Amino acid sequence: MTPEPRLRVVRGRGRATTLVDSAPLRPERREQCQERERLLRVWTDCSNRLMTLQGEEFAAMRTGGSISASFAERIRVARAADVEACRAYHQHVIEHDCV
Ligand SMILES: [Zn+2]
């Protein structure tokens, strides 16, 4: 008697969840990609920094104050870093096709 093939759930990026044969993945894909993890941490740090600065800006505006030009520049730099970190993360995931 042939055993039932073991299936595993694959959640595709932008694709429907599918069931595929549970043959082992290629060795480099079995483990979580360390570079993807690193890029995600960088992106998270950038996003947190940006949110903190924007929170300070919002608090200043609520009390009728304004922010200095240097503070506005810090927000601009943080926003640019966040966009770049997002781009680097997604470019890696697309090119490396990693998990
Ligand atoms: Zn990767």
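User: What makes the arrangement around the zinc ion tetrahedral?

Analyst: The four donor atoms subtend angles of 102 to 116°, and four donors count as tetrahedral if all angles lie between 85 and 135 degrees, so the arrangement is tetrahedral. This is a predicted model, in which local features need pLDDT of at least 70 and side-chain atom pairs count only at pLDDT 80 or more, while totals for chains, interfaces and linings use all residues. Residues are numbered from 1 along each chain as its sequence is written, and side-chain values use heavy atoms, with hydrogens and water left out.

User: How do you know which atoms are donors of the zinc ion?

Analyst: Donors are N, O and S atoms within 2.8 Å of the metal (3.2 Å for Na, K and Ca), and a site may look incomplete because water is not among the atoms. C33 (SG), H92 (NE2), H96 (ND1) and C98 (SG) coordinate the zinc ion at 1.9 to 2.3 Å. C33 lies in the loop between α1 (27–30) and α2 (34–62), whereas H92 lies in helix α3 (residues 69–96), so this pair ties together parts that are 59 residues apart in sequence; helices here are DSSP runs (H or I, at least four residues), numbered from the N terminus.

User: Why is H92 called buried, and why is C86 called partly exposed?

Analyst: Buried means under 20% relative accessible area, exposed over 50%, and partly exposed in between (1.4 Å probe, protein chains only). H92 has a relative accessible area of 16%, so H92 is buried, whereas C86, with 25%, is partly exposed.

Notes:
Tetrahedral: all angles 85-135°; square planar, octahedral: opposite > 155°, others 65-115°. Helix = DSSP H or I, 4+ residues; strand = E, 2+ residues; numbered from the N terminus.
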